[in-house]
Amino acid sequence: MSAAGGFLTPGAPHAELERRYRRLLRLYPREFRARRTDEMIGVLMAGAADGQDRPARGDVSDIVRGSLLARLRGPRGGWPFALSAFALTAPLFLVLTDILQAAFPYQESHARTSVLAAHGGPAAGSPQSALVPQHAVGLPLTSQPAFLILAAGHLIVAAAVLAGLRRTALAALVIAAAADYTQWTAFHVLRPGLGTLAFLTIAVFPLEAIALASAGPRPARRREGWQHVFPVLALAVAAQLLAFSSAASRAGEPHVPSGDTIMVTGCVLALLAVLLPLPLGLGWRASLLLAAACYTLVILAAAASGPSFGPSLGRLPQSLGMGPMRGLAAHTVIVTVLYLPPLLVLSRAVAKTVRTRRPRGRGDLAA
Amino acid sequence: MQEATFLILTALAQGPQHGYGIIQDVGRISGERVALRAGTLYGALERLDADGLITVDREEIVDRRLRRYYRLTDEGSARLAEEARRLQESAATALQRLDALRPGLAGGAA
């Protein structure tokens, strides 16, 4: 077996060894296995000693290490693939966000009372509360035209990316973004929890628009096994639930999670996204983009959710005794700084994608 | 460039080789100091292929098993030559400095 070029014929003596090696090679990502398994089996069996029926210990550790690195490296395609994976999955995330928003309707509660009071508004039940626009204080989102347009837009974007229609997805994204902005401006003060959630989707729009414009969903969609990204979505939903609904109901009373809670959740989520390529085999680039999205989604929203509800960082200008104008300027700087890391990641991804596309011509990635 | 990568490229500088042939050649080149295993080899081949330094030359079925032969690309040859020159220069510098160091050491010990 170890003789030069002495490849085994698959037969009884080493059938068990080969079977064990094949099982071990399942640690590699699917795409890698499709290309390499037969070849690697040939090499492993050629190097096996006579009578050997179990993988050598050195081979086992080498394959485990190699498979982890392969998963971290991800599928071939570099940044264009990572960006494409993001373009494909982010709209599904947006749809799930809509479902969450509709599933956790804001209720009349002391939470709203405290929110209104914090903004100098009327307390619930007071005569002045009648002055608060009804659309802002408790009607289900599903009765709000802006939300319905937003949700429909997200659904169209998700369907379009799954079908590989980049331009349709972009058009629907713009419409949904306008509806989202309308919704957010109406809700962000009086419904800070859900308003923030609505704001989160706004944070995804620029990332998704850039991903759609530069890479498009098709390269990721062509990959076998891209459906493995669904666990990412499940994770995102879990994090959303944690960030916005962990304290949603105590004795039936909804509470607004603190900005600090949201920030910490965002950091944990981003960290989890970084670790995702190992089980999913998406590669570190895709994980960075996912982490950037999670980071942007939660931390930016928390920082920008207003001086009264934002995290300690968001309240910093107020704590330093800055006036409204200087406070606004300082807050803008804080948000910009928070936004820089995901923007840097994204700009690098786009630059690499554009550079990769140029020699191939425009047809390959065009929808 | 990692040593394993350098040795794989060096093995392919002799002509197209299949995976097991590369492992054996790397052992010979390194005086049996480096023993490549399949996981390391194919991780490196993936990277080198993706970077355009090697390419598949041909495939054969021998004893019902796939043998894929790899060869250096022009870019791979250039990178190997560049790395070999760099290592040669570094080694030459190291030897020169050791030569210069020896008389001093001898004098200090005296």
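**Figure 1. D59(A), D62(A), I63(A), R65(A), G66(A), L69(A) and A70(A) in helix 3 of chain A meet A38(B), G39(B), T40(B), Y42(B) and G43(B) in helix 3 of chain B.** Residues meet, touch or are in contact here when their C-beta atoms, placed from the backbone, lie within 7 Å. Helices (H or I, at least four residues) and strands (E, at least two) are DSSP runs, numbered from the N terminus. The model is predicted, with local features requiring pLDDT of at least 70 and side-chain atom pairs counting only at pLDDT 80 or more, while totals for chains, interfaces and linings use all residues. Residues are numbered from 1 along each chain as its sequence is written, and chains are lettered from A and ligands numbered from 1 in the order in which they are written. Helix 3 of chain A packs against helix 3 of chain B (residues 38–50) with axes 7 Å apart and an angle of about 25 degrees, so the two helices are roughly parallel. Axes are lines fitted to C-alpha atoms, for helices over the stretch in contact, with angles running from 0 to 180 degrees between N-to-C directions. Under 35 degrees counts as roughly parallel, over 145 as roughly antiparallel, 65 to 115 as roughly perpendicular and the rest as oblique.

**Figure 2. Helix 2 of chain A crosses helix 2 of chain B (residues 19–29) at roughly 45 degrees.** Their axes come within 8 Å, and the pair is therefore oblique. Here E39(A), V43(A) and A46(A) from chain A meet G19(B), Y20(B) and I23(B) from chain B.

**Figure 3. Zooming out to the whole interface, 24 residues of chain A are in contact with 18 residues of chain B.** On the chain A side, helix 2 (30–46) and helix 3 (57–73) each contribute at least two residues. That side of chain A holds eleven nonpolar, six polar and seven charged residues.

**Figure 4. L41(B) is a residue of helix 3 of chain B.** L41(B) is buried, because 22 other C-beta atoms lie within 10 Å. Leaving aside residues up to four places away in sequence, L41(B) touches G19(B), I22(B), I23(B) and L36(B). I22(B) is 19 residues from L41(B) along the chain, with 8.5 Å between their C-alpha atoms.

**Figure 5. Three strands of chain B form an open, antiparallel sheet in the order 1-3-2.** Strand 1 and strand 2 are the edge strands, each pairing on one side only. Two strands pair if DSSP finds at least two bridges between them. Strand 1 (residues 17–18) is joined to strand 3 (residues 65–72) by two bridges: Q17(B) is partnered with Y70(B), and H18(B) stands opposite Y69(B). Strand 2 (residues 54–62) pairs with strand 3 over eight bridges, and E60(B) stands opposite R67(B) there. Strand 2 and strand 3 also make a hairpin with two residues between them, where D63(B) in the turn has a positive phi of about 50 degrees.

**Figure 6. The largest nonpolar core has 44 residues, and A82(A), L83(A), F86(A), A87(A), A90(A), V157(A) and L289(A) touch the most other members.** A nonpolar core is a set of buried Ala, Val, Leu, Ile, Met, Phe, Trp, Tyr and Cys residues joined through C-beta atoms within 7 Å. Helix 4 (78–103), helix 6 (145–163), helix 7 (166–187), helix 8 (192–214), helix 13 (284–304) and helix 15 (324–360) of chain A each supply at least two of its residues. Helix 4 of chain A gives the largest share, eleven residues. Beyond four places in sequence, A87(A) touches V161(A), E208(A), A211(A), L212(A), A215(A), G216(A) and P217(A). A second, separate core of 35 residues includes F32(A), I8(B), L12(B) and Y42(B).

**Figure 7. Chain A contains 15 helices and zero strands.** Of its 367 residues, 44% are buried. Among contacts in chain A with a separation of 6 or more, 75% link residues 24 or more positions apart.

Key: Contact = placed C-beta atoms within 7 Å. Nonpolar A, V, L, I, M, F, W, Y, C, P; charged D, E, K, R; others polar. Buried ≥ 20, exposed ≤ 12 C-beta atoms within 10 Å, placed from the backbone.
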